[in-house]
Amino acid sequence: MSDETGKTLTQLANELNVSRDRIIYRYKKLPEEDYFKENNTIYLLNSGIQKIIDDLGDDIKEDKEDTEETQVNPSFDYLVEQLNKKDEQIDQLHKLVDQQQQLNAEDKKLIKEMHQYLSLEAPKEENTTEKEALDEKLQQKDEQLTQLQEKVQQTEVLHQEKEALETELASLKQKNKKWYQFWK
């Protein structure tokens, strides 16, 4: 008889994904015709099950929403997103630093050529145009060098921000641990 007509309190709690205590609380409010006892086990009839489900309707929805919210912590996601952005910016700035180093090598090479040129030949009027061209190139390289130095400074600032975000992320992870996870 019990298999055909009803479910136990525990079975219903498992099906609805709520605590057994919630089901017991609602069961105690039911009239006697909505349940029966057999071998010290309480079986709910379909009418009693429906009344409990109706009574728990909002609670079941809230429980599902609560579990979804606890699974995703928005501040954690934001910090991870910010770290990813900072990583991309740092990679870009590393590329710029490499370019700066290449430009520095070219500048040194031009300076050596210019010194050799000036030491070997006496200045002539025709060479002034070449010298001016070299001076312009040198000025351009100096401007590029200053731009790259500014970018290197930006890289350092971004690196410091990344470290700050990482420490904040670590502290958030520490705060989110349960008492039994502190020994991990």
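Helices (H or I, at least four residues) and strands (E, at least two) are DSSP runs, numbered from the N terminus. The structure shown is a predicted model, in which local features need pLDDT of at least 70 and side-chain atom pairs count only at pLDDT 80 or more, whereas totals for chains, interfaces and linings use all residues. Residues are numbered from 1 along each chain as its sequence is written, and side-chain values use heavy atoms, with hydrogens and water left out.

**View A. The open sheet.** Three antiparallel strands are arranged in the order β1-β3-β2; two strands pair if DSSP finds at least two bridges between them. β1 (6-8) and β2 (35-38) are the edge strands, each with a single partner, so one side of each lacks a neighbour in the sheet. On average, neighbouring strands are turned by 35° against each other, direction ignored; axes are lines fitted to C-alpha atoms, for helices over the stretch in contact, and angles run from 0 to 180 degrees between N-to-C directions.

**View B. Strands β1 and β3 with helix α2.** Three bridges join β1 to β3 (residues 41-45) in the antiparallel sense. Thr8 lies opposite Tyr43 of β3. Helix α2 (residues 9-16) packs on the sheet and touches β1 and β3, its direction making about 85° with that of β1.

View C. Asp34 belongs to the loop between α3 (20-27) and β2. Its relative accessibility is 3%, which makes it buried (under 20% relative accessible area, 1.4 Å probe, protein chains only). Beyond its neighbours within four places in sequence, Asp34 is in contact (heavy atoms within 4.5 Å) with Leu44, Leu45, Ser47, Gly48 and Lys51. The C-alpha atoms of Asp34 and Asn46 are separated by 7.5 Å.

Conventions. Buried means under 20% relative accessible area, exposed over 50%, partly exposed in between (1.4 Å probe, protein chains only).
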